[in-house]
Amino acid sequence: MENKVKAGIFGVCIGDALGVPVEFKSRDYLKRFPVINMQEFGSHQQPKGTWSDDSSLTFCLAEELTKGYDLEKIGQSFVKWVKYGHWTAHGRLFDIGGTTRETIGRLIKGESARFSGNIFEEDNGNGSLMRILPLAFYLKDEENPEKLYQTVKEVSTITHGHFRSVFACLIYVIFAIQLIKNKNKTEAYTSMQEIVLEYAEKQWFSLSEIELFQRILKNDISNYSEDKIASGGYVLHSLEASLWCFLNSDCYSEAVLKAVNLGEDTDTTAAITGGLAGIYYGFENIPKEWIDVLVRKDDIEVLCDKLNDKLLK
């Protein structure tokens with residue numbers, strides 16, 4: 001079987017690394033100076049092929065899943081990232097969101113990963129969505145939507161515990177699972193809508209919260225024009241933007257470059273997009289010249305092989 005784990009996780013990381021040098025640049029700026037290849041320095045003064053917190057936390061989750069599912073150990077892996085540079089590109093952390101910093105601070109003080117996440121409406125950045133992809137491989141055979149939701153909720157809530165962040169992660173994971181099952185884009189998107197809406201209708205979820213997702217769940221997000229797609233750090237915007245970029249592209253490179261060139265939270269939009277595009281188009285579709293300059297690519301490959309062996313035998 002083709003290594004979809006490798007394709008998806010490298011997909012996240014390459015997208016991240018493409019976006020790091022231009023993080024916070026406006027869409028207008030990137031219309032004039034579009035990213036077309038790996039760049040160096042820029043916003044964070046990092047060498048070419050450097051990835052950020054999006055990939056680091058994805059790797060932390062993936063590594064723990066190679067040993068089985070243990071929420072507290074996943075949380076402690078995030079602590080090692082903050083305190084000791086575990087799974088950083090160059091041995092030290094250079095990018096972390098405010099909610100993620102605050103919640104991992106609670107873990108450092110001894111709080112359980114079950115209760116460490118922020119739960120307020122203002123805590124709906126994209127910090128859990130950007131790292132959630134490995135769960136799609138872990139949950140790919142889970143038929144019970146309640147079990148799927150609860151697992152996604154636990155892992156999101158290590159940092160981001162508000163329903164909106166959890167629900168965004170659920171939509172993304174279910175969509176990714178449909179792609180892992182070799183459905184085409186349209187089939188995968190329609191299946192995700194049906195599964196999520198059917199589940200949501202049986203729960204006591206806030207209707208006003210579900211309504212926020214109607215552009216994704218009731219309509220077709222790919223039909224919106226680019227000027228209706230926002231690309232900042234808000235979780236709903238990140239989910240919409242990544243689905244839009246993926247559904248409106250025909251290869252991996254087009255998807256992630258579209259995501260980067262939307263501007264603002266460039267690395268995260270491209271990482272979230274890249275996970276889907278990697279799974280769908282395959283590792284071979286990721287440009288070799290981008291993989292060649294990726295920092296710690298051999299370590300990432302070993303991790304992907306371990307996770308693949310564990311979950312996709």
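Me: What does buried mean here?
Reply: The model is predicted. A residue's relative accessible area decides the label, computed with protein chains only. Exposed residues are over 50%, and partly exposed ones lie in between. Buried means under 20%.

Me: How many of the 16 residues of α14 are buried?
Reply: Helix α14 covers residues 266-281. This helix is mostly covered. Its buried count is 15 of 16.

Me: Where is the kink in α14 centred?
Reply: The helix bends by about 25°. Just after α14 comes Gly-282, with a positive phi of about 90°. The kink itself is centred on Gly-274.

Me: Which residue caps the N-terminal end of α7?
Reply: Helix α7 runs over residues 145-157 and reaches 18 Å, close to the expected 18 Å. At its N-terminal end, a side-chain oxygen lies 2.9 Å from the backbone nitrogen of Glu-146. That oxygen belongs to Asn-144.

Me: What covers the buried residues of α7?
Reply: The buried residues of α7 include Leu-148, Tyr-149, Val-152 and Val-155. Thr-151, Ser-156 and Thr-157 are buried too. Their cover includes α3, α4, α6, α8 and α9.

Me: Is Val-260 buried or exposed?
Reply: Val-260 lies in helix α13, residues 252-260. Beyond its neighbours within four places in sequence, Val-260 is in contact with residues including Gly-15, Leu-18, Val-22, Thr-266 and Ala-270. Its relative accessibility is 0%, so Val-260 counts as buried.

Me: What distance separates the C-alpha atoms of Val-260 and Cys-245?
Reply: The two residues are 15 residues apart along the chain. Their C-alpha atoms are separated by 9.7 Å.

Me: Why does the radius of gyration of the chain agree with a compact globule?
Reply: The C-alpha trace spans about 50 × 45 × 40 Å along its principal axes. A compact globule of 313 residues would have a radius of gyration near 20 Å, so the chain agrees at 18 Å.

Me: What share of the contacts with a separation of 6 or more comes from residues 24 or more positions apart?
Reply: Of the 313 residues, 60% count as buried. Among contacts with a separation of 6 or more, residues 24 or more positions apart account for 75%.

Note on methods. Residues numbered from 1 in each chain as written. Predicted model: local features only at pLDDT ≥ 70, side-chain atom pairs only at ≥ 80, totals over all residues. Heavy atoms only, no water. Helix = DSSP H or I, 4+ residues; strand = E, 2+ residues; numbered from the N terminus. Expected span 1.5 Å × (residues − 1). Buried < 20%, exposed > 50% of the residue type's maximum accessible area, 1.4 Å probe, protein only. Contact = heavy atoms within 4.5 Å. Polar contact = N/O pair within 3.5 Å; in protein donor to acceptor, adjacent residues only side chain to side chain. Bend = angle between axes of the 7 residues up to and from the residue. Rg over C-alpha atoms; globule rule 2.2 N^0.38 Å.
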